[in-house]
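Trainee: I would like a close look at the aromatic pairs here. Please set them in the context of the whole fold.

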Amino acid sequence: QVQLVESGGGLVQPGGSLRLSCAASGSIFNIYAMGWYRQAPGKQRDLVATITSGGRLNYADSGKGRFTISRDNAKNTVYLQMNSLKFEDTAVYYCNADIRDYSMRRSDYWGQGTQVTVSS
């Protein structure tokens with residue numbers, strides 16, 4: 001089985017920063033793209049940023065210039081550094097990863113989500 005475990009969410013004031021982490025574990029043969037999505041109350045889940053195994057980055061417009069996605073392939077971990085946070089960044093943030101396990105089955109995995117609240 002494969003698991004994604006997120007950490008690093010919390011309460012922060014506008015203009016503040018947070019760093020999210022997501023570690024993949026289990027029967028992992030290879031990890032392709034990893035990414036972060038978020039879902040605010042009453043809204044759909046939206047892309048925040050993705051990073052391929054080769055390091056190609058993609059950001060939603062909402063986070064460009066403020067968010068930085070990175071990954072440590074040796075640790076099977078993806079990070080999201082969020083700076084200059086705004087009220088509208090409040091959401092549950094979900095980690096996503098495209099993983100092939102040792103059964104050679106390739107699937108899309110999601111973490112359990114971590115709450116980010118931007119409030120004064």
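Which pattern does the protein follow, read along the sequence?

Mentor: Read along the sequence, the pattern is β-β-β-β-β-β-β-β-β-β-β. That is eleven strands and zero helices. Both are DSSP runs numbered from the N terminus: helices are H or I with at least four residues, strands are E with at least two.

A word on the source. This is a predicted model, where local features need pLDDT of at least 70, side-chain atom pairs count only at pLDDT 80 or more, and totals for chains, interfaces and linings use all residues. Residues are numbered from 1 along each chain as its sequence is written, and side-chain values use heavy atoms, with hydrogens and water left out.

Now the aromatic pairs. A search of the whole structure finds two. Rings of Phe, Tyr and Trp (its six-membered ring) pair if their centres lie within 6.5 Å; planes under 30 degrees apart count as stacked, over 60 as edge-to-face and the rest as tilted.

Take F29 and Y102. Their ring centres are 5.7 Å apart and the planes stand at 80 degrees, so this pair is edge-to-face. F29 belongs to strand β4 (residues 28-39), while Y102 sits in the loop between β9 (91-101) and β10 (106-110), so the pair ties together parts 73 residues apart in sequence. F29 is partly exposed, at 47% relative accessibility. Y102 is exposed, at 55%. The cut-offs are these: buried is under 20% relative accessible area, exposed is over 50%, and partly exposed lies in between (1.4 Å probe, protein chains only).

Next, Y37 and W110. Their ring centres are 5.1 Å apart and the planes meet at 65 degrees, so this pair is edge-to-face. Y37 lies in strand β4 and W110 in strand β10, so the pair ties together parts that are 73 residues apart in sequence. W110 is partly exposed, at 37% relative accessibility.

For a buried site, look at S21. S21 lies in strand β3 (residues 18-26). Its relative accessible area is 17%, and S21 is buried. Leaving out residues up to four places away in sequence, S21 touches V5, E6, S7, W36, V78 and Y79. Contact means heavy atoms within 4.5 Å.

Finally, the whole protein. Buried residues make up 42% of its 120 residues. Among contacts with a separation of 6 or more, 55% come from residues 24 or more positions apart. The C-alpha atoms fill a box of roughly 50 × 25 × 25 Å, taken along the principal axes.
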